[in-house]
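Here is a short note for a colleague who is seeing this structure for the first time. Please read the points beside the model.

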Amino acid sequence: MFVLAVDPGYPGGWSVVGKSDAGLKVEFSGKPPAFTVVKNKRRRTEINGPEINRLVREFKERYVPLYACLEDTHAFPKDGKVGAFRFGWIKGFWESLFQSHEIPYHLISPHTWRSFCLGSVRAVDKSQSVVKAKQLFPNFIEEDHNIAESLLMAYTFFGKIRQS
């Protein structure tokens, strides 16, 4: 059994974790593909939807059965309008992608994975996520908190949501 876990913030992080009798293993981790556009003389990075779609299709064929989990986050009152809209758009993109590929998915709140993995429900220092991910997944060598958080969501998925 495998789970594709996504931290939808920008730039975000995603990972595929497999579960077997030997335990959990990171099969894939990284940042979702992106590209840079120039609009009104400003550079802006966008997620590469077609490439992400192609990779998810590939993951679905390679990692059977594949489930997904997505961090259930939301905008905050102090977020700017553009940032809040963009954040919601990215989260909606992932949900639509999972639905179109018929991948069963679960929304995992930051409260849930933080309390399960870190023992705290408050926002913690991002480096704690990296340290914990390295403890749980010895083959994880990244120093990126977005990718680490996707791994912690996968760990929560197997430990709390889908225990079979």
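What is the order of the five strands in the open sheet?

1. The order is 3-2-1-6-7, and the pairing is mixed. Strands are DSSP runs of E with at least two residues, helices are runs of H or I with at least four, and both are numbered from the N terminus; two strands pair if DSSP finds at least two bridges between them. Strand 3 (23–30) and strand 7 (105–108) are the edge strands, each pairing on one side only.

2. This is a predicted model, in which local features need pLDDT of at least 70 and side-chain atom pairs count only at pLDDT 80 or more, while totals for chains, interfaces and linings use all residues. Residues are numbered from 1 along each chain as its sequence is written, and side-chain values use heavy atoms, with hydrogens and water left out.

3. Strand 1 (residues 2–7) is antiparallel to strand 2 (residues 13–20), with six bridges between them. Leu4 has Val16 of strand 2 as its bridge partner.

4. Strand 4 (residues 34–39) and strand 5 (residues 42–47) are also antiparallel and are joined by six bridges. Val38 is bridged to Arg43 in strand 5. Two residues lie between the strands of this hairpin, where Asn40 has a positive phi near 55°.

5. Which residues lie nearest the centre of the largest pocket? They are Glu71, Thr73, Phe87, Arg114 and Lys126, from a lining of 16 residues. Helix 5 gives the largest share of that lining, three residues. A pocket here is an open set of points on a 1 Å grid over the protein atoms alone, where a 1.4 Å probe fits, with protein on both sides within 12 Å along at least five of seven lines; lining residues have an atom within 4 Å of a point.
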